[in-house]
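The following exercises concern a predicted model. Please work through each task before reading its solution.

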Amino acid sequence: MKLELQNVHFSYRTRYQTTEVLKGVDCVFSEGQVYGIIGKSGSGKSTVLSLMAGLMLPQTGSVLLDGADTRKLNLETYRREKVAVVYQSFRLLPLLTVEENVMYPMELRGMKRKQAQRLARDYLRQVDLPEQTWRRFPATLSGGEQQRVGIARALGTESRLLLADEPTGNLDFENSAQIIGILKRLAREQGYCVVIVTHDVDVMDELDVIYRMRDGRLVDQREAHVV
Ligand SMILES: Nc1ncnc2c1ncn2[C@@H]1O[C@H](COP(=O)(O)OP(=O)(O)OP(=O)(O)O)[C@@H](O)[C@H]1O
Ligand SMILES: [Mg+2]
């Protein structure tokens, strides 16, 4: 699996103003790796993630999943089957149990309830959530537990592409470390490509590759210091 951004430009346009955010992003994300995207507030990190998630399309340039341009794919299928996003605020459905939250996207894809349940339980085990939590509602879980439900729900995408926008932003040090540990394990053991937007220096230390958003482009952090 390879996700590639080629000369991606993106502006938000309203009737009154145009905000140019991305000015030629070139970047490659591969399976089995954990990537970090860092940069100032408002620099375009979430925008890049939205383009990778197929929530928006670039005005110029391409987002390619294994060579297939998101512009030419059915975006609804892409969002449902190829990619999943984990958010800082968890975004679980409050009236569904933990297990039902994880089953939900699979059922949307047309999977039978029994099979969705079997897979959901498998994913919940992978993020170390004990069986006692499965039938509870999200509001009764701690923040760290809720985020693990968010990750379980994001598993099972066909291309094993997992995007996370500040996944540890609402968590303390210990819970953050656990979440990053789980994401790294998914990359190492199951070949997920994990992309994490983060401000957290402790998180950055744990990642394989760090890209910094600067002047509308993504630059490799290791090269960022060279001139
Ligand atoms: N829907 C929108 N309409 C207009 N402008 C937007 C919209 N969404 C984002 N922007 C603007 O685009 C720029 C980039 O926003 P983005 O959310 O990608 O930044 P970010 O790097 O994720 O910031 P943060 O670290 O604060 O989350 C900002 O200037 C923001 O105000
Ligand atoms: Mg953001």
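**Exercise 1: Leu3 and its surroundings**

Task. Locate Leu3 in the secondary structure, and determine whether Leu3 is buried or exposed.

Solution. Leu3 lies in strand β1, which spans residues 2–13. The next step is a neighbour count: a residue is buried if 20 or more other C-beta atoms lie within 10 Å of its own. Leu3 has 23 C-beta neighbours inside 10 Å and therefore counts as buried. Leaving aside residues up to four places away in sequence, Leu3 touches Phe29, Met52, Leu65, Leu161 and Cys193.

**Exercise 2: The sheet**

Solution. The antiparallel pairing of β4 (residues 60–65) with β5 runs over 2 bridges. Leu65 has Ala68 in β5 as its bridge partner.

**Exercise 3: The shell around ligand 1**

Task. Which residues surround ligand 1, and which element gives the most to the shell?

Solution. The surrounding residues are Tyr12, Thr19, Val21, Gly39, Ser41, Gly42, Ser43, Gly44, Lys45, Ser46 and Thr47. Two or more residues of this shell come from each of β2 (18–30) and α1 (45–52). The most is given by α1, with 3 residues. Sorted by class, the shell around ligand 1 contains 8 polar, 2 nonpolar and 1 charged residues.

Terms used: Residues are numbered from 1 along each chain as its sequence is written. Chains are lettered from A and ligands numbered from 1 in the order in which they are written. This is a predicted model: local features need pLDDT of at least 70, side-chain atom pairs count only at pLDDT 80 or more; totals for chains, interfaces and linings use all residues. A residue is near a molecule or strand if its C-beta atom, placed from the backbone, lies within 6 Å of it. Helices (H or I, at least four residues) and strands (E, at least two) are DSSP runs, numbered from the N terminus. Ala, Val, Leu, Ile, Met, Phe, Trp, Tyr, Cys and Pro count as nonpolar, Asp, Glu, Lys and Arg as charged, and the others, Gly among them, as polar. A residue is buried if 20 or more other C-beta atoms lie within 10 Å of its own, exposed if 12 or fewer, and partly exposed in between; C-beta atoms are placed from the backbone. Two residues are in contact if their C-beta atoms, placed from the backbone, lie within 7 Å. Two strands pair if DSSP finds at least two bridges between them.
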